Amino acid sequence: MLRSLARAAATHSQRSYSSKAPKPTTPFKPDPKKPTATAAAAAALFDEQERLRQLAADEKNPSLDVRPNGRPLFSSAPSLSHLSRNDVCTYFKLTKDALNAVLPEGLPVGMTNEFQDSLRTALLVRQSFLDLRDNFRRVVDPPMWSSNAKGIKVRKQVVLDGPVSCGKSIALAMLVQWAREEGWLVLYVPKGKEWTHGGFFYKHPQTGLWDTPVQAENFIKGCRMDFLKYNESYLKELPCQIFDPIPLGEGAGVGWLKDADSLAIPEGTSLYELVKTGVEQTHAAVGVIVRLRKELSHVKDMPVLIAVDQYNNWFTFSEYEEPVTIRSCRPIHARELTMVNAFRSMKHNDMMVGAFSHSTAVGKLRQDLPDVPVDARVMFPRYNLDEAEAVCHYYLRQRLIRREAFSEENWKKIYFLCNGNGTEIRGLVPFMR
């Protein structure tokens with residue numbers, strides 16, 4: 001009986017969805033005048049190889065590294081720490097190996113696209129980045145003269161805001177690179193949105209907040225690989241200052257422990273051992289991350305910086321919902337998530353910088369954000385005219401622009417058309433005619 005009903009339902013379903021007779025299919029005949037996708041890809045690969053060959057030959061001509069105004073196109077500074085105002089509007093050369101070593105969490109999308117399109121690992125030195133770097137440098141090493149006397153306000157907490165594609169994420173990654181090269185302890189969260197999306201979630205009975213074990217496990221493993229990599233010797237010597245038991249929760253895919261609800265932290269435990277505990281015991285991952293944030297506030301032997309990209313995702317609703325009735329759910333705000341709640345606040349004495357990412361489609365947030373000092377927000381600008389000139393001459397040097405089509409009038413047209421948007425400028429200059 002059930003089988004016959006199933007067959008009837010299947011037959012009825014097929015009939016209701018096939019109201020029109022299917023048209024007879026004709027065999028595909030490629031148009032010899034139109035290049036196929038394979039041919040187009042092969043042509044693009046040939047063009048890129050030819051461009052690489054030409055760029056290799058250009059390296060033997062040092063005159064190409066000088067702009068028409070006589071200024072050098074590339075900076076001679078050996079590191080980000082040595083960059084000065086004289087290096088503004090020049091390009092700082094990097095190496096892939098050095099970037100992968102100092103930023104193993106991954107590079108921002110904008111930085112990756114810049115390297116791929118220009119076929120060189122180099123970044124524009126901007127005054128806005130130098131101001132950001134020097135701000136935190138003054139926090140750690142205050143100058144002899146008063147900063148306020150010269151109109152310079154030193155901030156321990158900074159929120160980078162600005163229009164789309166103005167370079168916030170790249171500046172944040174460069175700041176992390178500089179701080180790590182200076183020997184700082186830097187906790188870098190390159191994708192804050194991932195803390196509010198994906199995986200499973202549950203409400204912890206002890207804290208009343210929502211735990212996200214999958215995100216915790218991914219982040220704590222990343223901490224062991226990246227965060228500890230640069231400071232392993234220091235962290236092994238830094239003892240924990242808080243010895244309250246760490247609450248245990250659900251593990252990633254393994255549920256609750258039956259015989260324990262907390263994890264004791266014995267005296268003498270180092271920060272290295274604390275993070276290692278979170279890696280080895282998935283039930284403690286969320287609690288270890290919360291405890292690590294508290295422990296970083298007690299580190300006095302070396303500068304500590306917390307850097308978060310996509311920081312604006314922590315001030316809106318997450319992807320998660322709490323069932324209220326059979327037919328309705330309540331969206332869970334990011335501040336209700338345990339990990340976000342531990343890291344979001346900037347109302348403390350620690351150095352912290354967060355960068356907004358408008359590509360994540362969060363929407364416009366109000367000016368006075370909760371848990372953020374009123375004067376923490378810094379507007380990051382798009383390219384000005386001098387920066388756009390340096391960028392276009394750099395793209396000309398990298399043969400992204402045809403030399404016969406390049407002119408001051410043409411690059412200024414593109415600059416004003418894009419309103420200083422770096423991504424759009426890079427996308428339009430190859431079409432300069």
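Visitor: Which residues touch the most other members in the largest nonpolar core?
Guide: Phe136, Leu305, Val353 and Val429 do, in a core of 63 residues. A nonpolar core here is a set of buried Ala, Val, Leu, Ile, Met, Phe, Trp, Tyr and Cys residues joined through side-chain atoms within 4.5 Å. Buried means under 20% relative accessible area, exposed over 50%, and partly exposed in between (1.4 Å probe, protein chains only).

Visitor: Which helix gives the most to this core?
Guide: Helix α6, residues 168–181, with 8 residues. Helices are DSSP runs of H or I, at least four residues, numbered from the N terminus.

Visitor: What lies apart from it?
Guide: Another core, of 50 residues. Val189, Val275, Phe315 and Met346 are among them.

Visitor: How far can I trust this?
Guide: The model is predicted: local features need pLDDT of at least 70, side-chain atom pairs count only at pLDDT 80 or more, and totals for chains, interfaces and linings use all residues. Residues are numbered from 1 along each chain as its sequence is written, and side-chain values use heavy atoms, without hydrogens and water.

Visitor: Back to Val429. What is it in contact with?
Guide: Cys392, Tyr395, Leu400, Ile401 and Ile414, leaving aside neighbours within four places in sequence. Contact means heavy atoms within 4.5 Å.

Visitor: New topic: His393. Buried or exposed?
Guide: His393 is buried, with a relative accessible area of 11%. His393 lies in helix α11, residues 385–397.

Visitor: And which residues is His393 in contact with?
Guide: Arg67, Pro68, Leu73 and Phe406, again leaving aside neighbours within four places in sequence.

Visitor: Where is Leu428 found?
Guide: In helix α13, residues 422–428. Leu428 is partly exposed, at 30% relative accessible area.

Methods. Helices (H or I, at least four residues) and strands (E, at least two) are DSSP runs, numbered from the N terminus.
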